[in-house]
Amino acid sequence: VGAVSGNAKIANRHNLITKFQSLEYIIGFNIDRRMGDLLDCITVVPGVVGAFRVSAINKVGGFSTNTLAEDTDLTFAIKKAGYKIVYDQAAIAYTEAPQNYRDWLKQRYRWTFGTMQAVWKHRTSFLNPAHNNFGMIGLPYLVVYQIIFPLLNPVFDLVLVIGLITGRINLMVIALAAYTVLDFIYAGIALKLDREKLFNLWLIIPQRIIYRPFQYYIIVKSFLNVLKGQWVGWNKLKREGKLLAKMQKSGFSKT
């Protein structure tokens with residue numbers, strides 16, 4: 001084992017943007033890592049809660065400074081070196097999420113841009129059987145679901161709007177309804193696995209309407225800047241630590 005990915009949770013769930021992020025962590029990141037653990041193709045050991053074997057870091061030349069997603073870059077390198085990477089649900093870390101859309105956009109833009117840099121840097125692993133499931137499953141999955149699909153989502157939304165305007169909505173409404181039901185089932189499973197309250201399922205609808213368009217904007221902006229070769233800064237976020245301190249004082253009993 002070259003590295004272990006832990007279970008990241010949002011501590012400051014006190015407004016809509018941080019609740020959306022909490023749901024995203026539970027449904028997206030942690031479910032993906034469970035799948036990656038099962039198939040031995042985890043692509044990100046997050047900086048907020050990850051453990052790396054020192055000999056593995058040394059073998060791949062240490063942390064790279066030429067991408068903005070140093071945890072993703074290092075994870076790719078360790079997988080390419082032949083190490084196994086696992087997920088530990090019980091290794092929980094509480095992190096302070098951006099509390100407004102401006103800070104959230106800055107953070108996610110850096111993450112997305114850095115991930116694209118890492119994918120390009122390790123592009124020879126894509127569909128490369130020499131790198132086992134990382135090359136054949138993990139990296140293609142990341143490219144399709146974190147880059148290609150988000151780039152196409154605005155087109156899908158536009159087609160839906162055109163269908164509603166022109167009256168050709170029967171098939172679209174059925175497809176949208178089916179997708180929403182599957183979304184709820186998937187989210188319910190994720191919440192149950194992470195021992196979170198199912199009451200949080202109500203957030204899915206406003207998250208889709210309010211949160212996801214911003215995600216589309218970030219992925220499109222990152223992709224265009226990657227094509228232009230434009231460099232992006234770190235955009236360090238302001239941290240307050242108030243809720244984390246409060247949770248620590250109470251023994252992390254209330255999340």
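**Helix packing and aromatic contacts**

Helices α1 (16-39) and α7 (204-228) are the elements against which the buried residues of α6 pack. Contact here means heavy atoms within 4.5 Å, and buried means under 20% relative accessible area, with exposed over 50% and partly exposed in between (1.4 Å probe, protein chains only). Helices (H or I, at least four residues) and strands (E, at least two) are DSSP runs, numbered from the N terminus. The model is predicted: local features need pLDDT of at least 70 and side-chain atom pairs count only at pLDDT 80 or more, whereas totals for chains, interfaces and linings use all residues. Residues are numbered from 1 along each chain as its sequence is written, and side-chain values use heavy atoms, with hydrogens and water left out.

Helix α6 comprises 24 residues (170-193) and extends 35 Å from its first C-alpha to its last, close to the 34 Å expected at 1.5 Å a residue; the expected span is 1.5 Å times one less than the number of residues. Its buried residues are Thr180, Asp183, Ala187, Gly188, Ala190 and Leu191. After α6 comes arginine 195, with a positive phi near 60°. Glutamate 196 is located in the loop between α6 and α7, and its relative accessibility of 10% places it among the buried residues. Leaving out residues up to four places away in sequence, glutamate 196 touches Lys9, Arg13, Ile26 and Leu191. Its side chain and that of arginine 13 are joined by a polar contact of 3.0 Å. A polar contact is a pair of N or O atoms within 3.5 Å; within protein, one must be able to donate a hydrogen and the other to accept it, and residues adjacent in sequence count only if both atoms are side-chain atoms.

Helix α7 has 25 residues, and its end C-alpha atoms are 34 Å apart, close to the 36 Å expected at 1.5 Å a residue. A bend of about 40° occurs at tyrosine 211, with proline 213 following within four residues; the bend is the angle between axes fitted to the seven residues ending at a position and the seven starting there. Among the buried residues of α7 are Ile204, Pro206, Tyr211, Tyr216, Ile218 and Ile219. The cover over the buried residues of α7 includes α1, α4, α5 (132-166) and α6.

The 21 residues of α4 (101-121) should span 30 Å at 1.5 Å a residue, and the C-alpha atoms at its ends are 30 Å apart, in agreement. Of these 21 residues, 15 are buried, so α4 is largely enclosed by the rest of the structure. At the start of α4, a side-chain oxygen of asparagine 100 comes to within 3.2 Å of the backbone nitrogen of arginine 102.

The largest nonpolar core contains 20 residues, and Leu23 and Trp104 have the most contacts inside it. At least two of its residues come from each of α1, α4, α6 and α7, and α1 gives the most, with six. Such a core is a set of buried Ala, Val, Leu, Ile, Met, Phe, Trp, Tyr and Cys residues joined through side-chain atoms within 4.5 Å. Neighbours within four places in sequence aside, tryptophan 104 is in contact with Ile17, Gln21, Pro98, Tyr211, Phe214, Gln215 and Ile218.

Tyrosine 25 belongs to helix α1 and counts as buried at 8% relative accessibility. Its contacts beyond four places in sequence are Ala8, Ile10, Asn30, Thr95, Arg108 and Trp111. The C-alpha atoms of tyrosine 25 and alanine 190 are 9.9 Å apart, with 165 residues of separation in sequence.

Twelve aromatic pairs are found in the whole structure. Rings of Phe, Tyr and Trp (its six-membered ring) pair if their centres lie within 6.5 Å; planes under 30 degrees apart count as stacked, over 60 as edge-to-face and the rest as tilted. The ring centres of tryptophan 104 and tyrosine 211 are 4.6 Å apart and the planes are at 40°, so this pair is tilted. The pair links distant parts of the chain, with tryptophan 104 in α4 and tyrosine 211 in α7, 107 residues apart. Tryptophan 104 and tyrosine 211 are both buried. For tyrosine 145 and phenylalanine 149, the centres are 5.1 Å apart and the planes are at 75°, so the pair is edge-to-face. Both residues lie in α5, four residues apart, about one turn of the helix. Tyrosine 145 is partly exposed at 46% relative accessible area, as is phenylalanine 149 at 35%. Ring pairs also join Phe20, Tyr101, Trp104, Tyr211 and Phe214 into a cluster.
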